[in-house]
Amino acid sequence: VPAHRSFLRVVRLLLAAGAGGGGDPEAAEAILRRLKFSNAEIRRGTRLVEHYLPLVRPDDVVLELGPGTGRITRFVLPRCRRMILADYSRVVCRWLPLHFRGQGSFDVVHLSAPTFPSIPPNSVDLVISHGVFEHLDFDDASWFLEDFARVLRPDGKLRFNYENLLSAGGAAFLGKHRLRPGHRNVFRFYTPEMMERMVRLAGFTQVRSLTSDDRWAFLDAVA
């Protein structure tokens, strides 16, 4: 969370400098150069993307919920036909076209609710989402899952991660972030049985969770 807030502060400076139109383009470009990923961030992104890249085909339209800083996007974008990048943050939605310009075909969708009204039914081949469901309450998670099923083509695929409370890593992570009574944890925890049930109720088949001792589980499903 602190790293994300730092990212947003730099992006706001970038946009204020004129990268979004007006202002000083040279100052904007100087700030944009500051947003290059560190070697550590690239290594983390490389490890994470191994969970998603095998599903990406050259002709696919890929919907990514919550691209944020683009740590997954930067690997997927050159490998598919088009991406749809959907995020709640206006700052992120203004920054993404600047950061990924010339790197592939994509559209940016600003979300105001857990649904994608601008995306037609049966128009997406693959839905991915990383680091999002761990912040979603049950209701919003359910709405997103139902709309994933709507926008995916028959036999389209879904993969996302979530915090697995049944794993040793998940239980330890919960303890780490329960700071004091009355403090609201920013992370949401699920069990594989509950998450798989939610995905099936949304209309998916071939649902399975890939689990380990790590706090993250990865869910696969087919529309």
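1. Helices (H or I, at least four residues) and strands (E, at least two) are taken as DSSP runs and are numbered from the N terminus. With that convention, histidine 130 falls in the loop between S4 and H6, and the chain as a whole has eight helices and eight strands. The model is a predicted one, in which local features need pLDDT of at least 70 and side-chain atom pairs count only at pLDDT 80 or more, while totals for chains, interfaces and linings use all residues. Residues are numbered from 1 along each chain as its sequence is written, and side-chain values rest on heavy atoms, with hydrogens and water left out.

2. On the chain as a whole, buried residues (under 20% relative accessible area, with exposed meaning over 50% and partly exposed in between, for a 1.4 Å probe and protein chains only) make up 49% of the 223 residues. The chain exposes about 11500 Å², of which carbon and sulfur atoms supply 52%; these areas come from the Shrake-Rupley method with a 1.4 Å probe, and for residues only the protein chains shown count as cover. Of the contacts (heavy atoms within 4.5 Å) with a separation of 6 or more, 65% are between residues 24 or more positions apart.

3. A nonpolar core is here a set of buried Ala, Val, Leu, Ile, Met, Phe, Trp, Tyr and Cys residues joined through side-chain atoms within 4.5 Å. The largest such core has 33 residues, and Leu63, Phe133 and Phe148 have the most contacts inside it. At least two residues of this core come from each of strand S1 (61-65), strand S2 (82-87), strand S4 (124-129), helix H6 (138-151), S5, helix H8 (192-201) and strand S8 (216-222), with H6 giving the largest share, five residues. Apart from this core lies another, of 23 residues, including Tyr52, Met83, Phe106 and Phe218. In soluble globular proteins, nonpolar side chains tend to be buried together.

4. Phenylalanine 148 touches Leu63, Leu65, Phe116, Val127, Phe133, Leu158 and Phe204, once residues up to four places away in sequence are set aside.

5. Histidine 130 counts as buried because its relative accessibility is 7%. Its side chain is joined to that of tyrosine 52 by a polar contact of 2.8 Å, a polar contact being a pair of N or O atoms within 3.5 Å; within protein, one must be able to donate a hydrogen and the other to accept it, and residues adjacent in sequence count only if both atoms are side-chain atoms. Beyond four places in sequence, the residues that histidine 130 touches include Leu65, Arg71, Asn161, Trp216 and Phe218.

6. Arginine 150 lies in helix H6 and is partly exposed, with a relative accessible area of 29%. A polar atom of the arginine 150 side chain lies 2.7 Å from the backbone oxygen of phenylalanine 116. Leaving aside neighbours within four places in sequence, arginine 150 is in contact with Phe116, Pro117, Ile119, Pro120, Pro121 and Asn122.

7. Serine 167, in the loop between strand S5 (152-164) and helix H7 (168-177), counts as buried at 5% relative accessibility. The serine 167 side chain reaches the backbone oxygen of asparagine 164 at 2.9 Å.

8. Helix H5 (residues 90-99) is mostly covered, seven of its 10 residues being buried. Serine 89 caps the N-terminal end of H5, with a side-chain oxygen 3.3 Å from the backbone nitrogen of valine 91.
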